[in-house]
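The sequence and model come first, then the notes by topic.

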Amino acid sequence: MLKVFLIRSVLIALPFIVWFIWAEWAKRNGRPMGATPWAWLATASALLFGLSLMITVVFQSDNRGEVYVPAEVTEGGRVAPGGFQKKETPAP
């Protein structure tokens with residue numbers, strides 16, 4: 001979960017980072033700079049964030065066709081972790 005949060009945070013920050021690096025480079029080379037295009041940067045950030053959500057939906061595996069088996073305490077006091085298992089289909 002933390003990995004997903006960090007990746008999406010970087011995607012949101014990326015247009016701003018690129019703009020400010022480019023603006024600094026342009027100033028050092030004597031190119032006159034205008035005002036920072038905050039609306040364009042925010043729109044680009046929102047677009048990247050939205051694309052990351054769509055890509056997640058397309059490429060994320062789902063658990064349809066599986067049954068959740070909850071964790072249980074086994075003999076000896078150990079806990080067997082829960083998880084998803086494939087549904088067993090009845091034999092014809």
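Arginine 8 is buried, with a relative accessible area of 16%, where buried means under 20%, exposed over 50% and partly exposed in between (1.4 Å probe, protein chains only). The model is predicted, so local features need pLDDT of at least 70 and side-chain atom pairs count only at pLDDT 80 or more, while totals for chains, interfaces and linings use all residues. Residues are numbered from 1 along each chain as its sequence is written, and side-chain values use heavy atoms, with hydrogens and water left out.

**Arginine 8 and its surroundings**

- Arginine 8 lies in helix H1; helices (H or I, at least four residues) and strands (E, at least two) are DSSP runs, numbered from the N terminus.
- Leaving aside neighbours within four places in sequence, arginine 8 is in contact with Phe49, Ser52, Leu53 and Thr56, contact meaning heavy atoms within 4.5 Å.

**Helix H2**

- Helix H2 covers residues 38-59, and its 22 residues should span 32 Å at 1.5 Å a residue; the expected span is 1.5 Å times one less than the number of residues.
- The end C-alpha atoms of H2 are 31 Å apart, which agrees with that expectation.
- Leu41, Ser45 and Ser52 are the buried residues in H2.
- Seen down the axis of H2, these buried residues fall within an arc of 40°, so they line one face of the helix; the arc is that of the directions from the helix axis to the C-beta atoms.
- The buried residues of H2 pack against helix H1, residues 2-28.
- On the face of H2 turned away from its buried side are the exposed residues Ala39, Trp40, Leu47, Met54, Val57 and Val58.

**Salt bridges**

- The count comes to 2 salt bridges, each defined as a side-chain nitrogen of Lys or Arg within 4 Å of a carboxyl oxygen of Asp or Glu.
- Arginine 28 forms a salt bridge with glutamate 24, with the closest N and O atoms 3.2 Å apart.
- Arginine 28 and glutamate 24 are 4 residues apart in helix H1, so about one helical turn separates them.
- Arginine 28 counts as exposed at 68% relative accessibility, whereas glutamate 24 is partly exposed at 37%.
- Glutamate 66 forms a salt bridge with lysine 86, and here the closest N and O atoms are 3.6 Å apart.
- Glutamate 66 lies in strand E1 (residues 66-69) and lysine 86 in strand E4 (residues 83-86), so this pair ties together parts that are 20 residues apart in sequence.
- Glutamate 66 counts as partly exposed at 23% relative accessibility, and lysine 86 is exposed at 65%.

**Aromatic residues**

- A search of the whole structure finds 4 aromatic pairs; rings of Phe, Tyr and Trp (its six-membered ring) pair if their centres lie within 6.5 Å, and planes under 30 degrees apart count as stacked, over 60 as edge-to-face and the rest as tilted.
- The rings of phenylalanine 20 and tryptophan 38 have centres 5.8 Å apart and planes at 55°, so this pair is tilted.
- The pair links distant parts of the chain, with phenylalanine 20 in helix H1 and tryptophan 38 in helix H2, 18 residues apart.
- Phenylalanine 20 is partly exposed, with a relative accessible area of 38%.
- Phe16, Phe20 and Trp38 form one aromatic cluster.

**Phenylalanine 84**

- Phenylalanine 84 lies in strand E4 and counts as partly exposed at 44% relative accessibility.
- Leaving aside neighbours within four places in sequence, phenylalanine 84 is in contact with Asn63, Glu66, Val67 and Tyr68.
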